[in-house]
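Please look over the sequence and the 3D structure shown here before reading on. The report that follows goes through the model part by part.

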Amino acid sequence: MNREILFPTPIYFKMVKDPKKLNKYLFPHIKAWSKKDKSEKKTNAGGGWHSPTDMNFKKEYKPLTDELFAMQHEIFKDYGMQPRPGLGNMWANINYPGSYNKQHIHPNAQWSGVYYIKAPKKSGSIWVEDPRPGPNIILPRRVKGIPRALWRAVIYPAIEGQMMMFPAWVPHGVEMNESKEKGEKGWRVSVSFNFIQVAKNRQDVAGTHRNVKVTDFAVTLK
Ligand SMILES: [Fe+2]
């Protein structure tokens with residue numbers, strides 16, 4: 001018999017050019033920011049710090065946004081999107097030991113993702129789940145060792161220097177940080193973000209499904 005796999009859920013990964021250098025530069029900035037601004041209350045639980053979501057407008061993080069845009073342009077090519085991506089928002093996360101992120105999706109975005117700055121051992125992996133409602137209604141009993149594409153949930157360890165991007169509608173969460181390291185050696189530090197498709201020459205969002213003014217939803221362009 002023949003088979004097709006339809007409606008795929010792409011999960012993209014890419015290393016930045018010089019992970020050690022970039023992370024050495026980013027970490028002190030984020031650490032200082034976490035001392036200055038109170039945590040937002042979002043998906044972070046167990047005492048983790050979630051920065052304000054305007055990180056994409058802060059000049060000091062340009063070396064990272066450049067890397068994110070480069071990957072997003074590759075995704076646009078691979079996924080057949082045009083004309084170009086806009087970075088809607090971006091924020092830093094510090095998961096101290098004992099903290100985690102509840103399962104969630106990212107409404108009003110097309111591509112979401114994460115970049116890892118610090119990921120000590122046992123500091124928690126991200127998991128993604130089958131986003132389709134149908135297959136989750138009655139879960140079939142199946143043999144062990146089924147192919148990866150048929151799994152219902154997948155756990156990805158955090159890798160320092162790696163960017164990961166996926167459709168914003170993919171349910172995901174982050175396990176609890178169970179690092180035994182003392183002080184900042186035990187921190188799990190990452191940056192999350194949302195991209196959305198924008199028009200070629202205009203500053204506003206031009207998704208085909210909606211029309212939002214720049215005052216409602218500013219985006220960083222590149
Ligand atoms: Fe998320």
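## Two loop residues

Asn 108 is found in the loop between strand E5 (100-104) and E6, where helices (H or I, at least four residues) and strands (E, at least two) are DSSP runs numbered from the N terminus. This is a predicted model, in which local features need pLDDT of at least 70 and side-chain atom pairs count only at pLDDT 80 or more, while totals for chains, interfaces and linings use all residues. Residues are numbered from 1 along each chain as its sequence is written. Although Asn 108 is not a glycine, it has a positive phi of about 65 degrees. Asn 108 counts as partly exposed because it has 16 C-beta neighbours inside 10 Å; a residue is called buried if 20 or more other C-beta atoms lie within 10 Å of its own, exposed if 12 or fewer, and partly exposed in between, with C-beta atoms placed from the backbone.

Lys 122, which is placed in the loop between E6 and E7, also has a positive phi, of about 65 degrees, without being a glycine. With 16 other C-beta atoms within 10 Å, Lys 122 is partly exposed.

## The chain as a whole

The chain has 2 helices and 12 strands, and from the N terminus on its elements run β-α-β-β-α-β-β-β-β-β-β-β-β-β. The radius of gyration of the chain is 18 Å, close to the 17 Å that the globule rule gives for 222 residues, so the chain is as compact as a globular protein of that length. Here the radius of gyration is taken over C-alpha atoms, and the globule rule is 2.2 Å times the number of residues to the power 0.38.

Along its principal axes, the C-alpha trace of the chain spans about 60 × 50 × 30 Å. Of the 222 residues, 33% count as buried. Two residues are in contact if their C-beta atoms, placed from the backbone, lie within 7 Å, and among contacts in the chain between residues at least 6 apart in sequence, 84% join residues at least 24 apart.

## Helix H1 and its cover

How far apart are the end C-alpha atoms of helix H1 (residues 19-36)? The expected span of a helix is 1.5 Å times one less than its number of residues; for the 18 residues of H1 this should give 26 Å, and the end C-alpha atoms are 26 Å apart, which agrees.

Within H1, the residues Asn 23, Leu 26 and Ile 30 are buried. The cover over the buried residues of H1 includes helix H2 (62-79), strand E4 (84-95), strand E6 (111-118) and strand E11 (188-198).

## The nonpolar core

A nonpolar core is a set of buried Ala, Val, Leu, Ile, Met, Phe, Trp, Tyr and Cys residues joined through C-beta atoms within 7 Å. The largest such core in this model has 36 residues, and those with the most contacts inside it are Tyr 115, Ile 117, Met 163 and Val 191. Two or more residues of this core come from each of H1, H2, E4, E6, strand E7 (126-129), strand E9 (162-167) and E11. With 6 residues, E11 gives the most to this core.

Leaving aside its neighbours within four places in sequence, Met 163 is in contact with Lys 14, Val 16, Glu 67, Leu 68, Met 71, Gly 113 and Tyr 115.

## Paired strands

Two strands pair if DSSP finds at least two bridges between them. Ser 112 stands opposite Phe 166 in E9, whereas Gly 113 has Phe 193 in E11 as its bridge partner. E11 is mostly covered, with 10 of its 11 residues buried, and E4 and E11 pair in the antiparallel sense over 11 bridges.

Elsewhere in the description of strands, 5 of them form an open sheet in the order E2-E5-E10-E7-E8, with antiparallel pairing. Strand E2 (44-45) and strand E8 (153-156) stand at the edges, each with a single partner strand, so one side of each is left without a neighbour in the sheet. E7 and E8 pair over 4 bridges in the antiparallel sense, and the bridge partner of Trp 127 in E8 is Ile 155.

## A cis peptide bond

Is the peptide bond from Gln 82 to Pro 83 cis or trans? This bond is cis, with omega near 5 degrees, and Pro 83 has its place in the loop between H2 and E4.
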